[in-house]
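Please open the model in a viewer and follow the selections below in order.

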Amino acid sequence: MMSAGAGNENCPGTNETKIDYFASLHLLWHHAGGNRFTIAISVVLAIVAAGLELVPLWLLWHLVVDVIEAKATFSVFLSTAGFAAFAVLAGYAAQGASVAKAHIAAFGIIHRLRLAVATHLVGLPLGWFSDRSLGEAKTLVIDEPERLEVVAAHGIPEASSALATWVVVSVWLFAVDWRMSLATVLLTPVAFLMIVIATMRSSRKLVAFQTANRRMNASVLEYVAGMPVVKIFNRSGETVAGASTAVRDYVDIELDIARSYVPLGGAFSALVLANVTIILPVGLLLLQSGEIDTATLAFFVILGAGYSLPLTKLFHLFQNIAHVSVASKSVEEVLGTSAQPDTGRDVTLENRDMTFENVSFAYGGRTVLHDLSFTALTGTVTALVGPSGSGKSTAASLVARFHDVALGRITLGGVDLREIGRDQLMREISFVFQDVFLFDDTIAANIGFGKAGAGNEDIEAAARAAQAHDFITAMPQGYQTRIGASGITLSGGERQRIAIARAILKDAPVLVLDEATAFCDPDSEAAIQQALSTLAEGRTLIVVAHRLHTIAAADRILVLSEGRIVEEGDHRMLLQRQGHYARLWEDWQAVRSNTLRTPLKDKRMEHTS
Ligand SMILES: Nc1ncnc2c1ncn2[C@@H]1O[C@H](COP(=O)(O)OP(=O)(O)OP(=O)(O)O)[C@@H](O)[C@H]1O
């Protein structure tokens, strides 16, 4: 029935057994824009360079003919060398220009593609991000597009020039003598059959390769990120073993691919060079029977011997296209994931009442919220409490459209959230999470992020309200202190207070706090609560809390259990009822007055005795 969309999916592209071999080309084509023209120029230059490479061979053939006919004078040698040198230099220049153009186009395409993925991600439901690791999102924006470089900057121009050279030389050979040409091309189809089989054999393992690659990356990242836990629990041996197994699996699949390719790939290289073993006997027979002259034989030996060799570049292009296509498919799938529908409309809201009407919600088919109905009224504080896993955070997240509900609806000011444009909704709602995200920037910039164009006084006022001003000014650079990646140089409570300051600065009509003061010390927490209750005037506050004393003054408390509202009322009323809330409160009181040395059970007995 209802669904969370992305839910528990694995990373896209990993579960497929069929490969779309041309996914990388589709992706390149769709995101090339103006770079298509640059690629075309690069291809033309590569073909010119390949043509110029043939000039010395042509000159050599003429020289050999002159030698055979005893016409080779010193000036003939000199002019041949001069022209050959010129052709080589011009060929290098054309090749260099082609490579430069191809790289400009490739990096342009990668840039466009990264922007397209990043822009698309902005439109995805916020829940898409909470369902995935940071590494996965980073891979999609940075690493996968990067892989197209090998196709755009190398594969396409090199393979086009190789193909063009091969076609031109074939026509040339056939124009000179069709019998000798047949002798020259005889082995080429056999060589290609080898390479097609080799490519098909190795490509079948590409999905496994990609999966092993991802597993290795994830495992090594986890190993590094989890180092403190690993050391404290003295489990480095097992964790290293896990990471090294992932690395070994990756190496195994690499070797497997190489093993399935190398023998036939080697046969291909041998066969394309073996033309001469056919050219010479056939040529000598025709020469003896007077069908061809020595100059023609020399022509085929010089030009025909290695003429299929450039086709290896074509083969490498196919291999790269197949290899990169597995990664490109993941990018295509993300780009194909429907963005969260956005009406883009600014609507008039009567008030800021947030109403859940028979809302049910599931993650990947598992229903975690059942038929929730309540209204968080403007100017009041509504608290969601309940045991761990009862659905509090999920309910709060739906308010900001982390996911869309498929059953029931949520309205703000009487308007379905899905009808309100995303920009307006984001202006209306501020969210403070338990796991705060801060930018690797100054404290002022992190707080100021809450409101574009906020001045220093606004930032300071918000910091004061969030009880952050004192610890900020105690720092050497005050508000200009840089706090490192994710605010690593701050304590958990300090990070939370900066996030609260940011939300206070945003000054949105609806504020959702999900365990926002969990890491704050009791004094700061009390002061923040005070600041937040002042802030609540005229606003809608929805608070998720385990620490029940923080919501005792809430206007309305909703008690959730297994995704259902089992009780509601204010603190006094709920205590009198002696139901779920009263039990939660009692447990909470016991926990607060408990010490690590006194088991909770004993403490409860003390209370009742
Ligand atoms: N992204 C997710 N994908 C799948 N299941 C999820 C996801 N997030 C939460 N859940 C599941 O949904 C249920 C409700 O989780 P939720 O986090 O909303 O509970 P909670 O009451 O806020 O818990 P806590 O107090 O421990 O934070 C839990 O069973 C949880 O395992």
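Select strands β6 and β7 (residues 510-514), which pair in the parallel sense over 4 bridges; strands are DSSP runs of E, at least two residues long, and helices are runs of H or I, at least four long, numbered from the N terminus. Two strands count as paired if DSSP finds at least two bridges between them. The model is predicted: local features need pLDDT of at least 70, side-chain atom pairs count only at pLDDT 80 or more, and totals for chains, interfaces and linings use all residues. Residues are numbered from 1 along each chain as its sequence is written.

Within this pair, display S430, whose bridge partner in β7 is L511. Next, colour β6 (residues 429-432) by face: I429 and F431 on one side, S430 and V432 on the other, are all buried (20 or more other C-beta atoms within 10 Å of the residue's own, C-beta atoms being placed from the backbone).

Move on to the largest nonpolar core, of 70 residues, in which A383, A501 and V543 touch the most other members. Such a core joins buried Ala, Val, Leu, Ile, Met, Phe, Trp, Tyr and Cys residues through C-beta atoms within 7 Å. Helix α20 (residues 492-506) supplies the largest share of this core, 7 residues. A second, separate core of 59 residues includes A32, A198, Y261 and F315.

Finally, select helices α6 (residues 148-176) and α7 (residues 178-185), whose axes come within 6 Å and cross at roughly 140°. The contact involves S170, L173 and F174 of α6 with W178, S181, T184 and V185 of α7 (C-beta atoms, placed from the backbone, within 7 Å).

Technical notes:
Buried ≥ 20, exposed ≤ 12 C-beta atoms within 10 Å, placed from the backbone. Axes fitted to C-alpha atoms, helices over the stretch in contact; angles between N-to-C directions. Contact = placed C-beta atoms within 7 Å.
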